[in-house]
Amino acid sequence: MLVVAIICAVVVLLLIILYFVYNNREVALRKEAEAQRGKIESVYDTMWKVLKQEAGVTEQYRQTFEKIYPALIAGRYSGNGSELVKMIQESNPAFDTKLYDKLMQAIEVQRAYFASAQQRMLDIIRERETLLESLPSKWFISNKSKIDYTVISSEKTQSVMTTRREDDVDLFS
């Protein structure tokens, strides 16, 4: 009788431990999903601010160069008729495209970081749903409500996912 009581006590203790372990894991994943949602918003906000400001600097540089270049050239080559020879021999200010390269790199980096943040959210949801559907964890988890999240994407992507067709292969149209 004592052996049966000890076995029952161990089983009950094991069930209680499993209840707490699985519920704590579910709570941790739910909290991580909530934090990830805030991170996605922050990453998106940062992405657009960085891109907008870098594009603004690049555009300001272009406009400033357009304003000062004609005055620089006009001041150098006015008057004595050998302007073409001087222009060929001298080193004239050149429009530097490095800012455009930097902007393109920022676009790639920021977009990749944003995509990574969204992918992490989907991984959290997948991990939690696996926990909810796997044995024996599904017997012990009390909160089975779904984590709602919709991936942020473009109208073009939504259209492709709906129609299951993507025929636009011309990148420059």
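This report walks through a predicted model of one protein, from its overall build to a few of its residues.

## About the model

Residues are numbered from 1 along each chain as its sequence is written.

## The overall build

Let us start with the whole protein. It has 5 helices and 0 strands, and along the sequence the pattern reads α-α-α-α-α. Helices (H or I, at least four residues) and strands (E, at least two) are DSSP runs, numbered from the N terminus.

Of the 173 residues in the protein, 20% are buried. Here buried means under 20% relative accessible area, exposed means over 50%, and partly exposed lies in between (1.4 Å probe, protein chains only). The accessible surface comes to about 13,000 Å², and carbon and sulfur atoms own 62% of that surface. Accessible areas come from the Shrake-Rupley method with a 1.4 Å probe, and for residues only the protein chains shown count as cover. Among contacts with a separation of 6 or more, 73% link residues 24 or more positions apart; a contact means heavy atoms within 4.5 Å.

Val3 counts as exposed because its relative accessibility is 56%. Together with Ile7, Val11 and Leu15, Val3 forms a nonpolar patch on the surface, with about 350 Å² of accessible area for the four together. Patches are made of residues with over 30% relative accessible area and no salt bridge; like charges are joined within 9 Å, and nonpolar side chains (Val, Leu, Ile, Met, Phe, Trp, Tyr) within 5 Å.

Thr58 also sits in helix α1, but Thr58 is buried, with a relative accessible area of 2%. Leaving aside neighbours within four places in sequence, Thr58 is in contact with Leu99, Tyr100 and Leu103.

Side chains of opposite charge can pair when their charged atoms come close. The structure holds 12 salt bridges, each being a side-chain nitrogen of Lys or Arg within 4 Å of a carboxyl oxygen of Asp or Glu.

One of them joins Lys49 to Asp45, with the closest N and O atoms 2.8 Å apart. About one helical turn separates the two, because they are 4 residues apart in helix α1. Lys49 is partly exposed at 48% relative accessible area, and Asp45 is partly exposed as well, at 38%. Another salt bridge pairs Glu59 with Arg62, whose closest N and O atoms are 2.2 Å apart. Since Glu59 and Arg62 are 3 residues apart in helix α1, about one helical turn lies between them. Both count as partly exposed, Glu59 with a relative accessible area of 30% and Arg62 with 24%.

## A bridge from loop to helix

Lys146 forms a salt bridge with Glu129, and their closest N and O atoms are 3.9 Å apart. Lys146 lies in the loop between α4 (137-140) and α5 (155-163), while Glu129 is in helix α3 (residues 98-133), so this pair ties together parts that are 17 residues apart in sequence. Lys146 is exposed, at 59% relative accessible area, whereas Glu129 is partly exposed, at 29%. Elsewhere, salt bridges that share partners join Glu26, Arg30 and Arg128 into one network.

Definitions and conventions:
This is a predicted model: local features need pLDDT of at least 70, side-chain atom pairs count only at pLDDT 80 or more; totals for chains, interfaces and linings use all residues. Side-chain values use heavy atoms; hydrogens and water are left out.
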